[in-house]
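Subject: Handing over the structure

Hi there,

Here's the structure I promised to pass on.

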Amino acid sequence: MTISQAVGNVCTASGLNTKKQQTANSVENEVIYLPNTDCAIKSQASLSAFTSYRVGGAAQWYVAPRNIEALQASLKYAKEHDLRVTTLGAGSNLLVSDRGISGLVIATRHLRFSHFDHETGQLTVAAGESIPSLAWEVASLGWQGLEWAVGIPGTVGGAVVMNAGAHNSCIADMLVSAEVLSPDGTLEILTPDKLGYSYRTSLLQGGDRIVTQATFQLRPGADPAKVIAITKEHKKHRLNTQPYNFPSCGSVFRNPKPYTAGWLIEQTGLKGYQIGGAQVAQLHANFIVNRGGAKASDIFCLIRHIQSQVQDRWSIRLEPEVKMLGEFQAACG
Ligand SMILES: Cc1cc2nc3c(=O)[nH]c(=O)nc-3n(C[C@H](O)[C@H](O)[C@H](O)COP(=O)(O)OP(=O)(O)OC[C@H]3O[C@@H](n4cnc5c(N)ncnc54)[C@H](O)[C@@H]3O)c2cc1C
């Protein structure tokens, strides 16, 4: 089954509202229904609930298509109205500016379907499927290969783009192919050798192609109880070593090998350091947590502060792993 077949209603490209004036002057709570569909493009939609940090302003325009046709229609709409497109997965690796994001934000979270091929052990899943849910699902089938991913609260699309990884495994190790949609509406199947994978990096980052689905190679035939036990162990380890009790984006900085960012930040004495509602976590120094009421600017300024302190002490520039979207002030007070 394809994503298109999974949901009956589609956004058709016909009769789209093409008044440029309307997009340029978007007002709050404006909704444009793409005709003959259940697909609504909303104006000034708050994004804070759609990011794991629970911060950030509004999308100038926001849409969450349920199938490929709706996604293609949304892209067409953006093109016709000169709107820059930003793709949003589960928002678990994002810092969205308090000023929001201009253009059209396309959320993939309603792109859902999964197909398990019991003969080949291949799992084909839509971009919006949740990685931790899949980890539990394959474990309960006795399929090995996704135990490591249980603590990564993102979507399939975000994981493919970020080359998400943990416990010495990563997406690149198991990806058979990814289907991507180009701005002109064409779909293409890409194998990992075309994706330039390395540590938390892929050629899809910062580009304009949207991952629509991915196929992963797993290893069926194990005892489900054993795979579940390993998955539980990974989850337990994460809960013991990382602060899952406050909103965060996971690790803020890439590890500058041979060091880990967390060790450098801890050795710089920054654990517990706080700006506004944003704090360097006590449990894991490479996490910045929202202790309540944080603004994106608090988190941004804490990132800058950590970078300058670590640079002064170790002459190492920490590079953010978190993706910052929208405008941030040049200077922090
Ligand atoms: C508590 C916690 C723990 C974490 N632990 C880990 C960990 O162990 N390992 C790890 O690697 N990460 C970890 N992360 C970070 C995050 O979960 C991963 O980077 C995840 O893969 C991001 O997926 P997402 O769907 O949330 O993507 P988003 O955060 O929504 O987006 C990330 C980037 O991918 C782009 N994008 C998203 N979906 C698509 C798509 N379909 N097509 C094209 N571009 C897209 C976005 O534009 C953005 O640039 C953690 C985060 C949290 C909050």
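In strand 6, Ile106 is the bridge partner of Val63, and Thr87 also stands opposite Ile106. Those bridges belong to two pairings: strand 3 (residues 58-63) runs parallel to strand 6 over four bridges, and strand 4 is paired with strand 6 in the parallel sense, again over four bridges. Strands count as paired here if DSSP finds at least two bridges between them. The strands and helices themselves are DSSP runs numbered from the N terminus, with at least two residues (E) for a strand and at least four (H or I) for a helix. Strand 6 (residues 101-107) is mostly covered, with five of its seven residues buried. Buried means that 20 or more other C-beta atoms lie within 10 Å of the residue's own; 12 or fewer makes it exposed, anything in between is partly exposed, and the C-beta atoms are placed from the backbone.

Before you go further: this is a predicted model, so local features need pLDDT of at least 70 and side-chain atom pairs count only at pLDDT 80 or more, while totals for chains, interfaces and linings use all residues. Residues are numbered from 1 along each chain as its sequence is written.

Strand 13 is another mostly covered one, with six of its eight residues buried. Strand 8 (residues 122-126) pairs with strand 13 in the antiparallel sense over five bridges, and there Val125 is opposite Ala214. Strand 11 (residues 175-181) also runs antiparallel to strand 13, joined to it by six bridges, with Glu179 facing Gln213.

Then there's an open sheet of three strands, in the order 14-15-16 with antiparallel pairing. Its edges are strand 14 (274-275) and strand 16 (288-290), each of which pairs on one side only. Helix 9 packs on this sheet and touches strand 14, strand 15 and strand 16, its direction making about 30° with that of strand 15. That angle is between N-to-C directions, on a scale from 0 to 180 degrees, using lines fitted to C-alpha atoms (for helices, over the stretch in contact).

Now the ligand. Of the 33 residues around the ligand, Gly89, Gly154, Gly157, Gly158 and Gly250 come nearest; a residue is near if its C-beta atom, placed from the backbone, lies within 6 Å. Helix 5 gives the largest share of that shell, five residues.

Where does UniProt put the "active site"? The unreviewed entry places the feature at Arg200, Ser251 and Glu321. Keep in mind that UniProt annotations may be inferred rather than shown by experiment; the positions use the numbering here, and feature names are shortened. The three are spread over 122 residues of sequence, yet they cluster in space, with a largest C-alpha distance of 11.1 Å.

Arg200 sits in the loop between strand 12 (187-190) and strand 13 (210-217). It counts as partly exposed because it has 18 C-beta neighbours inside 10 Å. Beyond its neighbours within four places in sequence, Arg200 is in contact (C-beta atoms, placed from the backbone, within 7 Å) with residues including Met162, Arg254 and Glu321.

Glu321 is in the loop between helix 9 (296-314) and strand 17 (323-325). With 19 C-beta neighbours inside 10 Å, Glu321 counts as partly exposed. Leaving aside neighbours within four places in sequence, its contacts include Arg200 and Ser251.

Cheers

Key
Contact = placed C-beta atoms within 7 Å.
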